[in-house]
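Subject: Structure for you to look at

Hello,

Here is the structure I promised to pass on. My notes on what turned up follow below it.

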Amino acid sequence: MSTVTPEVTWAQRSSTDEPERNYLYVSLKTPDVPKDKAKLNLTNNNVSFTGPSGKGVTYNVSLDLFGEIDPENSKVNHTDREVELVLRKKELKEEYWPRLLKDNKKMHFLKTDFDKWVDEDEQDEAPEEDYANNFGGFGGDGADGGGLSNIDFSKLGGMGGAGGMPDLSALAGAAGGAPGAEGEGDEGEDDDELPELEDEKSSKIQEVS
C-alpha cells in the first residue's frame with residue numbers, strides 16, 4: 001500500500017473579541033478512508049492525520065502551524081470524501097495569519113479554499129454562514145454524527161507537534177492579502193491550478209517516497 005500526501009485546502013476568519021469567530025477552515029481530501037481507521041492528532045501547533053483508503057493508498061500528512069490553536073474548542077467532520085476541520089485560533093487578533101504553516105515554503109498539496117475564503121477587510125460584510133458551528137466537536141458526539149472517534153486526546157493541547165511537514169502555502173500577498181497569493185517565497189501559485197479547487201470530486205494527491 002503506497003503512502004500519499006492528501007490535498008489540503010484552507011481559509012480563515014479572525015476576531016479580536018469573539019473566539020468562535022476566530023478560526024481556520026482546513027480540509028484534508030482523503031476519500032474512502034473509514035472513520036474508524038483514521039487517526040487524527042492535534043496539539044497547539046500541529047495537525048497530523050493518517051488513514052488507509054479502500055483503494056490501496058494510505059493518506060498521511062503532518063502540518064506544523066504558523067500559530068497556536070485551541071484543540072479543545074476545535075471541531076471535525078469526517079465524510080466519505082474529506083476530513084473537515086474548524087481549528088480555533090488561540091490568539092484573538094484582527095489580522096489574518098499570513099500563511100497556514102510555520103515554514104515559509106510553497107507546498108504542492110496546499111490550496112486556498114475559495115468557496116470559504118473572505119478577504120480580511122470584508123469578513124464582517126460576508127453572509128453569516130455559521131459554518132464553524134455546523135458539526136460536532138472532536139469527541140465525535142455532534143448531533144449530525146460528526147467527529148472522529150479515535151483522536152489521540154493525550155496529545156491535545158500539548159507542546160508542538162511532530163513531523164516537519166512544510167508550510168502549507170500562504171495567502172498573504174498581492175492585493176490586500178488575496179487568497180492564493182503565496183507571499184512566502186514570491187512563488188505565486190499558477191493560475192491554471194485554480195479550477196482544481198472548484199472540483200471537490202477530484203482530489204489531487206502526490207505520492208510520497
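Glu68 is partly exposed because its relative accessibility is 34%; the class covers values between buried (under 20% relative accessible area) and exposed (over 50%), with a 1.4 Å probe and protein chains only. Glu68 forms a salt bridge with Lys90, and the closest N and O atoms are 3.3 Å apart. A salt bridge here is a side-chain nitrogen of Lys or Arg within 4 Å of a carboxyl oxygen of Asp or Glu. Glu68 sits in the loop between S6 and S7 and Lys90 in the loop between S8 and S9, so the pair ties together parts that are 22 residues apart in sequence.

Before the rest, a word on the source. This is a predicted model, in which local features need pLDDT of at least 70 and side-chain atom pairs count only at pLDDT 80 or more, while totals for chains, interfaces and linings use all residues. Residues are numbered from 1 along each chain as its sequence is written, and side-chain values use heavy atoms, with hydrogens and water left out.

Lys90 has another neighbour to check. The C-alpha atoms of Lys90 and Asp70 are separated by 5.3 Å, although the two residues are 20 apart along the chain. Asp70 belongs to strand S7 (residues 69-78). Asp70 counts as partly exposed because its relative accessibility is 23%.

Now the overall layout. The protein has one helix and 10 strands. Both are DSSP runs numbered from the N terminus: helices are H or I with at least four residues, strands are E with at least two. Along the sequence the pattern reads β-β-β-β-β-β-β-β-β-α-β. Of the 209 residues, 47% count as buried.

How many salt bridges does a search of the whole structure find? It finds six. One of them joins Lys55 to Asp32, with the closest N and O atoms 3.3 Å apart. Lys55 lies in the loop between strand S5 (46-52) and strand S6 (57-64), and Asp32 in the loop between S3 and strand S4 (39-42), so this pair ties together parts that are 23 residues apart in sequence. Lys55 is exposed, at 66% relative accessible area. Asp32 is partly exposed, at 31%.

Another salt bridge links Glu18 and Arg21, with 3.9 Å between the closest N and O atoms. Glu18 is partly exposed at 33%, and Arg21 is partly exposed at 28%. As background, side chains of opposite charge can pair when their charged atoms come close.

Glu18 also has a backbone contact. Its backbone nitrogen lies 2.9 Å from a polar atom of the Ser15 side chain. A polar contact is a pair of N or O atoms within 3.5 Å; within protein, one must be able to donate a hydrogen and the other to accept it, and residues adjacent in sequence count only if both atoms are side-chain atoms. Ser15 lies in the loop between strand S2 (7-12) and strand S3 (23-29). Is Ser15 buried or exposed? Ser15 is buried, because its relative accessible area is 8%.

Arg99 is found in the loop between S8 and S9 and counts as buried at 16% relative accessibility. The Arg99 side chain reaches the backbone oxygen of Leu101 at 3.0 Å. A polar atom of that side chain also lies 3.2 Å from the backbone oxygen of Lys102.

Best wishes
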